[in-house]
Amino acid sequence: MGKAKKKSHPKKRTAAFKGKEASELVEAPHSFIIHRGLSCPYITDLTLDFRKIMEPFTASQLKEKKINRIKDFVAMSGFFHISHMCIFNKASSQLSFKVVRMPRGPTLTFKVHQFTLARDVLSTSKRQFVDEDMFKHSPLVIMNNFTGDGKHLKLMASTFQNMFPAINLAQVNIATIRRCVLFSYTPDTNLIEMRHYSIHVVPVGLTRGVKKLVMGKIPNLSKCEDIADFIMQDGGASESEMEDDEQSQVVLPQTLKRKGNLEDNKSAVRLYEIGPRLTLQLMKIEEGLLTGEVLYHDHIVKTEEEKEALRKMIEKKRKLKEYRKKVQEENRSRNLRAKEESAGKRKKSRSEAAAIGDETKEDSEPEDDKEYYKEEVGEEPDEELFKDESKTRKRASLPSSMKYKNKKIKKAQEKKK
């Protein structure tokens, strides 16, 4: 039996074809997180963990192949409103992390001194608070100690801030702030510590029993005769509340969905690390997209003469590239014109050949040949000499002798049978 044909399903339409996208979605910074260089399972996991940090405005299901180049991702960045591209590059000696501002730069290159995957961070913590709903909203960005001399610090701080959507304090819904990303800079070592936390808000000033009831937990009343015994058995605060510092307690301007967190009441803000961890060091800043003039370098310091020579060399390369591109366009247009001219000549020669064939056909008609023969010889030609066979389509019949022979052969074959 033949193989059954697969049913053809209509292609899924993307959001671009469903209708006009919201302005907030278009203006929000989107990102590509990829890895290059040597293959390593830990770097792949680190890339996936960093995508979780950048959600929801990142390509979390982005597929990478060895044949893909950086220019392939750059070409698709405009369609998906990509503003930043982060690249983990694994070399034989070290791991680097690049942050590229699309589409024309600048490019910040960091050296990764240490990193810890999210699964390792969660395995060491006593309390794991990870909820998939917290990744539906972008995290809060906290910048620490990015003050001092040097334009590279301001550029680095603004790059980290612009990777995430800005928050309007007058209109923000506090219930959507479920995560935070911390970037802490140490001037002595020039290292940047990056941490990722989940945010939990709990009410304060309640006893353990009341807090369980407010939070919606079912208490164990087996040892109590009345609900009042359960509420009044612990007069003090709960153990978790004793751990909270007064600086972490705030007055809520809005009522949160979680029970017990009411407007104008005190609540404690707690952070639980969910990973990953990164320890970075800024190595250099390039003007363009992974290429161009080096604006800052951590190890190499050049004089003004060397910088001017480097600018001239870059300008020379740029002009040479433009000249080659111009020559290629001229060659392409010239080849296209030559093809069109050759095609026109071939068409013209074919039409001329067809016209000559028609003339020769008209000249060789039987009527003209008969007249020419009569003028030259002086007598009428035979009928079969200039007979036009093209007008008669009847097949010439066999002579009677051949018909007779064929009948004899047929009779002899029938007798043998």
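Student: What share of the 417 residues in the protein chain is buried?
Tutor: Buried residues make up 26% of them. Keep in mind that this is a predicted model.

Student: Why is histidine 30 called buried?
Tutor: Its relative accessible area is 11%. Buried means under 20%. The value 11% falls under that cut-off, so histidine 30 counts as buried.

Student: Where is histidine 30 found?
Tutor: In strand β1, residues 30-37.

Student: What makes the pair of alanine 28 and histidine 30 a polar contact?
Tutor: The backbone oxygen of alanine 28 lies 2.7 Å from a polar atom of the histidine 30 side chain. The cut-off is 3.5 Å. The distance of 2.7 Å is within 3.5 Å, so the pair meets that limit.

Student: Which residues does histidine 30 touch, not counting those up to four places away in sequence?
Tutor: Leu25, Phe57, Phe80, His81, Ile82, Ser83 and His84. To touch here means heavy atoms within 4.5 Å.

Student: How many residues are in the largest nonpolar core?
Tutor: It has 32 residues. Those with the most contacts inside it are Phe50, Phe97, Phe110, Met156 and Ile192. The largest share, five residues, comes from α3.

Student: Which residues is phenylalanine 50 in contact with, leaving aside neighbours within four places in sequence?
Tutor: Ile33, Cys86, Phe88, Phe97, Met163, Met194 and Leu278.

How values were computed:
Residues are numbered from 1 along each chain as its sequence is written. This is a predicted model: local features need pLDDT of at least 70, side-chain atom pairs count only at pLDDT 80 or more; totals for chains, interfaces and linings use all residues. Side-chain values use heavy atoms; hydrogens and water are left out. Buried means under 20% relative accessible area, exposed over 50%, partly exposed in between (1.4 Å probe, protein chains only). A nonpolar core is a set of buried Ala, Val, Leu, Ile, Met, Phe, Trp, Tyr and Cys residues joined through side-chain atoms within 4.5 Å. Helices (H or I, at least four residues) and strands (E, at least two) are DSSP runs, numbered from the N terminus. A polar contact is a pair of N or O atoms within 3.5 Å; within protein, one must be able to donate a hydrogen and the other to accept it, and residues adjacent in sequence count only if both atoms are side-chain atoms.
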